Amino acid sequence: WGGGFYLSRDEGESWEENNMELGNTAVGSIVLARDGKVGGERIYVETSTDVFELSGEKTTWKSLGDGLAFWNGPQFQGFVLADGGPAVLYLGTEYGLFKKTLGESGWKKVEAMKEKRITALLYHPRSDVLYAGTLGSGGIFVSRDHGKSWSRSGEGLEKVWIRYLAANPSDPRIVYAATTGEGVLKSSDEGATWTKVNSGLNDLDVRTLVVDPQNPSVVFAGT
């Protein structure tokens, strides 16, 4: 199931474990949020069966799983914090998209994305746009109104497995999608259209992407 959560305070030279009250140590994603105060950071982790929060100087994790009910192994496929308005956690699952407004109890199912198998999520803070990638559920979807409504992005992606989504941090128009079978897709218009950018790629089963924040023309792909 994995070893849980580890923290380094010296640029990775050493690590300390913190799994106190972390009910599931199969950690899939980590999201960091700050409120501008010293010690004001909040850490959220997505595990295979729950979501947990570690806030401020506390050392004990708190479950945020109220309203989630998944017991069949790794069900969570995307996890982002959208803080352009009220801070909202979005969780992609095999059963659709769920959202939780921080400070409020429970999770709500996003009706516009129900029954879609979510495999990747992306939020761009500069454009305040949300992206959701799917497996056999319509390709890529975009929301420009804080998740209230979603529209299909691009053409011909309905059956493509979207493995990962990444964006140019300084230019929100540029978004990349890692896929199985189609390699890397790129959009230069916030998801309105997509083109394949696979020159030099020998394996079109691309599982992850990273855009260099200092030099966004550099993109790393993992297969």
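User: What do buried, partly exposed and exposed stand for here?

Analyst: Buried means under 20% relative accessible area, exposed over 50%, and partly exposed in between, using a 1.4 Å probe and protein chains only. This is a predicted model, where local features need pLDDT of at least 70 and side-chain atom pairs count only at pLDDT 80 or more, while totals for chains, interfaces and linings use all residues. Residues are numbered from 1 along each chain as its sequence is written, and side-chain values use heavy atoms, with hydrogens and water left out.

User: OK, which class does Arg-144 fall into?

Analyst: Arg-144 is partly exposed, because its relative accessible area is 48%. Look for Arg-144 in the loop between β13 (140-143) and β14 (151-153); strands are DSSP runs of E with at least two residues, numbered from the N terminus.

User: And what does the side chain of Arg-144 make a polar contact with?

Analyst: A polar contact is a pair of N or O atoms within 3.5 Å; within protein, one must be able to donate a hydrogen and the other to accept it, and residues adjacent in sequence count only if both atoms are side-chain atoms. Here the partner is the side chain of Glu-190, at 2.7 Å. Contact in general means heavy atoms within 4.5 Å. Leaving aside neighbours within four places in sequence, Arg-144 is in contact with Val-129, Ser-149 and Glu-190.

User: Is Ser-187 buried or exposed?

Analyst: Ser-187 counts as buried, because its relative accessibility is 0%. Ser-187 sits in strand β17 (residues 184-187), and its side chain reaches the backbone nitrogen of Gly-191 at 2.7 Å.

User: Now pockets. How much space lies in the largest pocket?

Analyst: Rolling a probe the size of a water molecule over the atoms shows where empty space is left. On a 1 Å grid over the protein atoms alone, where a 1.4 Å probe fits, a pocket is an open set of points with protein on both sides within 12 Å along at least five of seven lines; lining residues have an atom within 4 Å of a point. Points are joined across faces, edges and corners, and the volume is the space filled by probe spheres set on them. For the largest pocket that gives about 880 Å³.

User: Which residues lie nearest the centre of the largest pocket?

Analyst: Phe-79, Val-80, Leu-121, Leu-122 and Tyr-164, out of 39 lining residues. β3 gives the largest share of that lining, seven residues.

User: And how much space lies in the second largest pocket?

Analyst: About 350 Å³. The second largest pocket is lined by 16 residues, including Leu-7 and Arg-9.

Methods
Helix = DSSP H or I, 4+ residues; strand = E, 2+ residues; numbered from the N terminus.
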